[in-house]
Amino acid sequence: MSDPFTPEVVEQIARHMNDDHAEDNVVIVRALGGMPSATAARMSGMDSDAIEFAAVVDGIQVPVRIPFAERLTERSQARLEVVRMYREACAALGIDSHPE
C-alpha cells in the first residue's frame, strides 16, 4: 500500500490549512492538543496517524501532535477528519463552529 500522504500532499494540505483555516488550527490545538493558551498554530506536518502543528504558547513555538480518531488510508479522509476535529474542538471550547 502506498503512502497517501507524500511530502507533496502534506505540503498542499498544510498550505490550505494555514492560508484558509489559520484560526481553526488554533481552535484544534487549544482543545485537542492540550495547549489552551495557544495564540497561533500552523500546520507543520501529518501522516496517516496524526496532524502536527507548530503552535505559539506563551510566546514560545512548541510542536503539537494530535492523533486522528483512526488511521487514515486515503487522502480524501484527511478533510473529513480535520473537520471532525475542528467541530469536536469547538464543542469542547463551547464555541460555535462555522459551516464547512
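Tutor: Start with the surface. This is a predicted model. The protein chain exposes about 5800 Å². Carbon and sulfur atoms supply 52% of that area.

Student: What share of the 100 residues is buried?

Tutor: Take buried as under 20% relative accessible area. Buried residues then make up 39% of the 100 residues in the protein chain.

Student: Which elements does the protein chain have, and in what pattern?

Tutor: Count first, then read along the sequence. There are three helices and three strands. The order is α-α-β-β-β-α. The radius of gyration is 13 Å, close to the 13 Å from the globule rule for 100 residues, so the protein chain is as compact as a globular protein of that length. Along its principal axes, the C-alpha trace spans about 40 × 30 × 20 Å.

Student: In what sense do β1 and β2 pair?

Tutor: Look at the bridges. β1 covers residues 38-46 and β2 covers residues 50-57. The two strands pair in the antiparallel sense, over seven bridges. They form a hairpin, with three residues between them. For a landmark, find A38: V57 in β2 stands opposite.

Student: What part of the contacts links residues 24 or more positions apart?

Tutor: Consider contacts with a separation of 6 or more. In the protein chain, residues 24 or more positions apart account for 41% of them.

Notes. Residues are numbered from 1 along each chain as its sequence is written. This is a predicted model: local features need pLDDT of at least 70, side-chain atom pairs count only at pLDDT 80 or more; totals for chains, interfaces and linings use all residues. Side-chain values use heavy atoms; hydrogens and water are left out. Two strands pair if DSSP finds at least two bridges between them. Helices (H or I, at least four residues) and strands (E, at least two) are DSSP runs, numbered from the N terminus. The radius of gyration is taken over C-alpha atoms; the globule rule is 2.2 Å times the number of residues to the power 0.38. Buried means under 20% relative accessible area, exposed over 50%, partly exposed in between (1.4 Å probe, protein chains only). Contact means heavy atoms within 4.5 Å. Accessible areas come from the Shrake-Rupley method with a 1.4 Å probe; for residues, only the protein chains shown count as cover.
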